[in-house]
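The sequence and the structure come first.

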Amino acid sequence: MPADPTTHASIDGTGWVQECVDRAPLTEVGQVFRMAMYHARHPDGDYRMANQVRVLDAPHAIGWAPGMEQADGGLEFGGWTWRYDLKPLDASQTEVTLTYDWSAASEPARERFQFPPFGPGHLPNSLRHLAELAADR
């Protein structure tokens, strides 16, 4: 399910992800998928993230780097990544580890955003949402 960008808003634990812009399944490293976002503290309120797949080892791992599209169409990444690692436990259970790593965030990004930009409940909320989505399938 994490490789299906149309489920991203349902899995998000912050409520910032509004909808998927690019609906194609994620199939390769380097692929970009965009999300329409909203955050009250963002200068524009509504904005768009362009996420580049950095890890895709289905069904074991998926990871991406969030970025912003520039006026020239290029992408600029702030240095943080998201990653889900999945380990089957048995036929009906999977252990999921969610990692949000901002250790490589650039100095300009650190000046612009406070890290992490969300409260401590986000990661457990996201994992709970993923579990609920998986149970419904």
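Contact means heavy atoms within 4.5 Å. The model is predicted: local features need pLDDT of at least 70, side-chain atom pairs count only at pLDDT 80 or more, and totals for chains, interfaces and linings use all residues. Residues are numbered from 1 along each chain as its sequence is written, and side-chain values use heavy atoms, with hydrogens and water left out.

**Helix α3**

- What covers the buried residues of α3 includes α1, β6 and β7 (93–101); helices (H or I, at least four residues) and strands (E, at least two) are DSSP runs, numbered from the N terminus.
- α3 has 14 residues and reaches 20 Å from its first C-alpha to its last, close to the 20 Å expected at 1.5 Å a residue; the expected span is 1.5 Å times one less than the number of residues.
- Buried in α3 are His 122, Ser 126, His 129, Leu 130 and Leu 133, where buried means under 20% relative accessible area, exposed over 50% and partly exposed in between (1.4 Å probe, protein chains only).
- They cover an arc of only 100° around the axis, which puts them on the same side of α3; the arc is that of the directions from the helix axis to the C-beta atoms.
- An α-helix has 3.6 residues a turn, so residues three or four places apart point the same way.

**His 129**

- His 129, in helix α3, is buried, with a relative accessible area of 19%.
- Beyond its neighbours within four places in sequence, His 129 is in contact with Ser 10, Ile 11, Asp 12 and Gly 13.

**Gly 30**

- Gly 30 sits in the loop between β1 (17–20) and β2 and is partly exposed, with a relative accessible area of 35%.
- Its neighbours within four places in sequence aside, Gly 30 is in contact with Gln 52 and Val 53.
- The C-alpha atoms of Gly 30 and Arg 54 are separated by 6.2 Å, although the two are 24 residues apart along the chain.

**Largest pocket**

- The largest pocket holds about 870 Å³ of space. On a 1 Å grid over the protein atoms alone, a pocket is an open set of points where a 1.4 Å probe fits, with protein on both sides within 12 Å along at least five of seven lines; lining residues have an atom within 4 Å of a point.
- Of the 40 residues that line the largest pocket, the closest to its centre are Tyr 47, Met 49, Trp 80, Phe 113 and Pro 117.
- β4 supplies the largest share of this lining, four residues.

Definitions and conventions
Grid points are joined across faces, edges and corners, and a volume is the space filled by probe spheres set on the points.
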